Amino acid sequence: MHDYRVLDSEIIHRGWAYDLTAETVAMPGGGTARREFLVHLGAVVAVPLDEQGRVGLIRQYRVPAKEHLWELPAGIRDVADEDPADCARRELAEEADLQAAEMVKLGEFYTSPGISNEVIHYFLATGLTPVAEAERHERTDEETHIEFVWWDLDKALAAVADGEIRNGVCALALTLTRLHLDRR
């Protein structure tokens, strides 16, 4: 097995949730290669599942995609040393105005390992209750107009297959939820 040693590392740009980094790495056969990638804070996603087996999806505008996308409550791990489950609880409250009695870890996956080290932690949120009106998060920017809708899980999975749900993180989370429920 080859040891892909980092010979040089340089931060090209510092961003709000990531750094663009360039590393020179020792390659098999004695050569080197320079690779640029994002060093990311990481993220979480929460799949709110109610007693009827419906999932709570949000629809919000995404600047890079230039469109409104169906997604799940999610966010970056921007609080130092915050446990991923606690971060998922926070995002669920901020984006869906929901609290969960139970958070079950569904897995953790790289989003795009060829260009980023971002890892997303996936959680199933159950035992849902609303956040008290006075304690709700004040949404700003793109989050101001979040639309929250309950979807039948099978309808949401069909919407992935039909191209209506185009967020890959959401598609994986819905699939992981179905697999988790089928194994119980």
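A residue is called exposed when its relative accessible area is over 50%, buried when under 20%, and partly exposed in between. The model is predicted. By that cut-off R166 is exposed, because its relative accessible area is 55%. E67, at 25%, is partly exposed. These two residues form a salt bridge, with their closest N and O atoms 3.0 Å apart. R166 sits in the loop between helix 2 (153-161) and helix 3 (168-183), and E67 in strand 6 (residues 67-71), so the pair ties together parts 99 residues apart in sequence.

Now turn to strand 4. Its residues, 43-48, are buried in 6 of 6 cases, so the strand is largely enclosed by the rest of the structure. A43, V45 and V47 are buried on one side; V44, A46 and P48 are buried on the other. Strand 7 (residues 74-76) pairs with strand 4 in the antiparallel sense over 3 bridges. There, V45 stands opposite A74. Strand 9 (residues 119-130) runs parallel to strand 4, joined by 6 bridges. V47 faces L124 in that pairing, standing opposite it.

Back to the charges. The whole structure holds 16 salt bridges. One of them links R90 and E94, at 3.7 Å between the closest N and O atoms. Both lie in helix 1 (residues 84-96), 4 residues apart, about one turn of the helix.

Key:
Residues numbered from 1 in each chain as written. Predicted model: local features only at pLDDT ≥ 70, side-chain atom pairs only at ≥ 80, totals over all residues. Heavy atoms only, no water. Buried < 20%, exposed > 50% of the residue type's maximum accessible area, 1.4 Å probe, protein only. Helix = DSSP H or I, 4+ residues; strand = E, 2+ residues; numbered from the N terminus. Pairing = 2+ DSSP bridges. Salt bridge = Lys/Arg side-chain N within 4 Å of Asp/Glu carboxyl O.
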